[in-house]
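Please look through the sequence and the structure shown here before reading on. The report that follows takes up the inside, the surface and the confidence of the model in turn.

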Amino acid sequence: MRPDIGPRIVIAGLEDPPVFGHCCVTATTDLDVAGSQADVVNAAVALQTERPDIGMLLLECGDLPPYAHAVSAGDPNTSLCFTSMVQFFVEGLVRYPFTGLL
């Protein structure tokens with residue numbers, strides 16, 4: 001994990017996990033989806049264990065959206081991949097006709 005860049009922002013990398021690192025960082029092996037998912041989930045759990053004050057994880061790498069659901073399996077509000085973050089932002093800009101409540 002890299003040092004904090006502010007009191008509310010923590011950056012962690014995935015260079016070291018054995019499967020994800022070889023598949024996605026150095027591209028020295030073929031993609032192992034299950035192994036990569038386990039590495040990403042384990043890294044997220046370790047980060048949240050080390051820093052329980054973290055309220056949200058942003059999975060910003062283009063290789064991470066397939067694993068965002070697994071990362072947030074225990075609490076769907078704990079992680080966003082960059083594609084869901086963009087979708088969240090864009091949805092806030094789009095106006096829809098009011099059709100009533102519920």
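Which residues have the most contacts inside the largest nonpolar core? In this predicted model, the core in question has 14 residues, and those with the most contacts inside it are Phe20, Val40, Leu57, Leu59, Leu64 and Val71. At least two residues of this core are supplied by each of α2, β1 (57-59) and α3 (68-71), and the largest share, 3 residues, comes from α2.

Leucine 57, which is one of the core residues with the most contacts, also shows which parts of the chain come together around it: leaving aside residues up to four places away in sequence, leucine 57 touches Ala44, Leu47, Gln48, Val71, Thr78, Ser79 and Leu80.

Turning to the outside, Leu58, Phe82, Met85, Val86, Phe89, Val90, Leu93, Val94 and Tyr96 form a nonpolar patch on the surface, and together they have about 830 Å² of accessible area. Helix α4 (residues 82-93) gives the largest share of this patch, 6 residues. Phenylalanine 82 lies in helix α4, and because its relative accessibility is 31%, phenylalanine 82 counts as partly exposed.

Confidence should be kept in mind when reading these details, and the table sets out the values for two elements.

| Element | Residues | Mean pLDDT |
|---|---|---|
| Strand β2, lowest confidence | residues 79-81 | 75 |
| Helix α2, highest confidence | residues 33-50 | 90 |

Over the protein chain, the average pLDDT is 82, and 90% of the residues score at least 70. Where pLDDT is low, the predicted coordinates should not be read in detail.

Conventions
Residues are numbered from 1 along each chain as its sequence is written. This is a predicted model: local features need pLDDT of at least 70, side-chain atom pairs count only at pLDDT 80 or more; totals for chains, interfaces and linings use all residues. Side-chain values use heavy atoms; hydrogens and water are left out. pLDDT is the predictor's confidence in each residue, from 0 to 100. Helices (H or I, at least four residues) and strands (E, at least two) are DSSP runs, numbered from the N terminus. Patches are made of residues with over 30% relative accessible area and no salt bridge: like charges are joined within 9 Å, nonpolar side chains (Val, Leu, Ile, Met, Phe, Trp, Tyr) within 5 Å. Accessible areas come from the Shrake-Rupley method with a 1.4 Å probe; for residues, only the protein chains shown count as cover. A salt bridge is a side-chain nitrogen of Lys or Arg within 4 Å of a carboxyl oxygen of Asp or Glu. Buried means under 20% relative accessible area, exposed over 50%, partly exposed in between (1.4 Å probe, protein chains only). A nonpolar core is a set of buried Ala, Val, Leu, Ile, Met, Phe, Trp, Tyr and Cys residues joined through side-chain atoms within 4.5 Å. Contact means heavy atoms within 4.5 Å.
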